[in-house]
Amino acid sequence: MSRVGSFGIFPVLFAACLGILVGTMSALGQQLPAAQTETEALKPGDKVELDWGGKTVTAEVVELTRLGWYKVKFNWNDSERSLTLPPAKVRPIGGNVKTAEKPATDAAQPSRKWKDGSGKFEIDASFVGKDGENIQLKRADGKVIQVPLHKLSQEDRAYIESLLPPAAAAEPVNPFETAEVVKPARPVKPAKPAAAVVATEFDREADYEGMQELGAQWVPAKAFVPDPLVRLAPPADGKAVVLAGAGQAAKRDDFFENPKSIHLSAGGGSAVVVFVNAPPGGERRVRIVRCDLTTMKFAGEIDEPLAGTPVDLSPSGTLLACLPEHFVPQGQQPMIEIVRLGEKGLTTVRRWNMGEHSEWAKRFEQLWFIGDDKLLTTSAWGGNIVLWDIDKAKALWQLKVAGHHSPVLSANRKQFAAWLDGGVGVFDATTGETLARFEAQGEPGSLLAFSPDGQTIASASSRTARVWDIATGKQLHEVWFPKPMASKTLDWAGDDLLVDRSYVVDLEKRIVLWQYELPTPKGEAIATMAGGVYWVLAGGGKSPYQLAGLTLPESAASQKADSLTADGVLAIKPGAAVQIKINVPGATPDEVQQVTKALVAEVQANGLKLFPDAPITIECSIVDGGQETVNYRRFGFGFGPIGPFGPFGRGNGEGGDEATVNKKLSVLSIKENGKELWIASGHYGAPFQVRQKDGQTIQEAVNEQKGNPVQFFLHVKLPKYVARHEADGTYGKSKLLP
């Protein structure tokens, strides 16, 4: 039996990206401080071994990087490859490295306490030998580290000289000829010269040793103490901050520059707006624009090269936390970086490595400051949350949660909430202690948001919004959207919800009340809810960028809400009369009976009544979507007939087998007198990948595994409440800003 994959535009792009990952996985590793390594020093031209593509290959060292990694080159499939690897990933081949000088006696040296020249740092280790200007020490864990001799205390240096025979003393070396040229941590603009920063001053290796493993607990019923929002006063008279000073051009809009995010300090006294300018083949720069929200005035900007993108601002407003781009260039280690926001520039405070591509639990997609000294990170793929001590780059504790979603912080960052298996948990953001836990229904990837008073929590998926009381776990509200939402963001707007930065959901009336049309600088709306004020970025292009603070819902939406009643807008509610229509061509009589039975059970569970001539119809139908022809081929990258990464790649139809399928669309809808109120659908066509049995053609395998569109109706849920609405699914819309 073998596996083959289907191909289209998306799979081809997926193949290219995943191919990059395959080429990068072996290149990434744990970064060691430049002050110590666990392999002996290599020099350009030395031969080394490394593991690549499941084989051991011989490579040549090209150079030693500033951070102590080796750039190597080797031949692979008749082409030259170049990688930058940490010392732990390369193995010297005999004859490359000179033998370290050993003590005069062969007796094992006892463990002793070693100190650096400042007297601040010490380690328990035994002396192994001396290699030029470095000494080798064996730690208690058995690993041998290499430390520059000149960084040790005078007492330790004298001790080493007493152990070595006179002939072993190193010959004098002219320090001015061998001195290494110091490179700054990042390029410095000529107009703003800065002192060079040695990488080891802020670089750390992620420290997971001693990390506490936490788990969500079922806590006894007790009074839950919420973390309520302190509301900010919105700007008077709708005043906005123009993001340019008097000495600057009113317009600041580079072609490749894009606004990314808005961040407020604790208390809302200041804000920063982040822009990224990444021209193809050019220098990647980040621009930080500062705003004084007490005066609603521009407070300056910083424009510097920066590898990562700022994603959070510390409560004091002085630190920015940065994450790397989604795809890190080959040979580079993905890093978390903390930078200080100064008057004239950015200064790196701390930087440490994330996991390799295969270490999903250590690949963080989001992070938040907890105070100015702690950092909360989350990995949706790994399903874990980690609290870090920023100064030490040390993981303090890890909490396992449900995967494929992002946790949410409370108003003052004292708590966070996350999906668990079968429910929601609320935790102390500093200790990880479980504060509340309740059973709840939610679709994979559902968003969460604390209410302004901190006593309830909301979720939103593509189809529904729900609200629970945190202390009791009781579900308070459920709203079914008339049409699927993207559900990429979720906020509270007063007593309502705000979905996708645009849609106001009235919880009491169970309707999508209003749609706001936001400004879209460079094609994307940039906005954030902070302190109960909705901060929106406008302008760009021919006009300067502006930051405005608004209160939602605005008067037009509020007036519309006041004119509606729940009884008046709800068509589907307990006691409503409905009829069922089934139109599923191609289904067997047994399948029609199964669909009918499933729908009747749903209707009865929701408290609805069945009447043959009811004006409200629940209709299920299967629609012909036309034919598609897909090319399949076997895959695997030398790892066996199936391969580890799934199907990808396409050779313009060459070397593959084609299969033709009739696409089907399963549609479940609710209509009142022919007008559509709610709809859900499922698409059925050629499977992305199939498993081919021996002697079976690709067409036969596809026909067997393409999926049955009837199954959609056996699993989809009917909403308990559905409102009447306009054709676009809302009761009105307006522009937030001109």
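This is a predicted model: local features need pLDDT of at least 70, side-chain atom pairs count only at pLDDT 80 or more; totals for chains, interfaces and linings use all residues.
Where is the place of Pro-553? Pro-553 sits in the loop between β40 (543-550) and α4 (555-562). The bond from Leu-552 to Pro-553 is cis, and its omega is near -5 degrees.

Arg-501 has a positive phi of about 65 degrees, although it is not a glycine. Its loop runs between β35 (496-499) and β36 (503-506). The relative accessibility of Arg-501 is 25%, so this residue counts as partly exposed. Lys-522 is also not a glycine, and its phi is positive, about 60 degrees. Lys-522 lies in the loop between β37 and β38 (527-530). With 35% relative accessibility, Lys-522 counts as partly exposed.

Next, helix α6. This helix covers residues 589-605, which is 17 residues. At 1.5 Å a residue it should span 24 Å, and the C-alpha atoms at its ends are 24 Å apart, so the two values agree. Which residues of α6 are buried? They are Glu-591, Val-595, Leu-599, Glu-602 and Val-603. Around the axis they cover an arc of only 105 degrees, and therefore they lie on the same side of α6. The other side of the helix has Pro-589, Gln-593, Lys-597, Gln-604 and Ala-605, which are exposed.

From C-alpha to C-alpha, Ala-605 and Leu-718 are 9.6 Å apart in space, while 113 residues separate them in sequence. Just after α6 comes Gly-607, with a positive phi of about 75 degrees.

Now the strands. β21 (residues 346-353) is mostly covered, with 6 of its 8 residues buried. One partner is β20 (residues 335-341), which pairs with β21 in the antiparallel sense over 7 bridges. In that pair, Glu-337 has Arg-351 as its bridge partner in β21. A hairpin of 4 residues joins β20 to β21. Another partner is β11 (residues 203-204), which runs parallel to β21 and is joined to it by 2 bridges. Here the bridge partner of Arg-204 in β21 is Trp-352.

A separate slide shows an open sheet. Its 4 strands come in the order β26-β27-β28-β29, with antiparallel pairing. Why is one side of β26 and of β29 left without a neighbour in the sheet? Both β26 (408-409) and β29 (434-439) stand at the edges, and each has a single partner strand. Leu-409 has Phe-416 as its bridge partner in β27.

How many cavities of 30 Å³ or more does the structure hold? There are 3. The largest cavity has a volume of about 60 Å³. Elements that give two or more residues to its lining are β37 (511-517), β46 (675-684) and β48 (722-723). The lining includes Ile-511 and Val-512, Leu-677 and Trp-678, and Val-722 and Ala-723. Among the other lining residues are Trp-480, Pro-482, Arg-510, His-725, Gly-729 and Tyr-731. By class, the lining of this cavity divides into 9 nonpolar residues, 2 polar and 1 charged.

Key:
Residues are numbered from 1 along each chain as its sequence is written. Side-chain values use heavy atoms; hydrogens and water are left out. Two strands pair if DSSP finds at least two bridges between them. On a 1 Å grid over the protein atoms alone, a cavity is a set of points where a 1.4 Å probe fits but cannot get out, and a pocket is an open set with protein on both sides within 12 Å along at least five of seven lines; lining residues have an atom within 4 Å of a point. Grid points are joined across faces, edges and corners, and a volume is the space filled by probe spheres set on the points. Ala, Val, Leu, Ile, Met, Phe, Trp, Tyr, Cys and Pro count as nonpolar, Asp, Glu, Lys and Arg as charged, and the others, Gly among them, as polar. The expected span of a helix is 1.5 Å times one less than its number of residues. Buried means under 20% relative accessible area, exposed over 50%, partly exposed in between (1.4 Å probe, protein chains only). The arc is that of the directions from the helix axis to the C-beta atoms.
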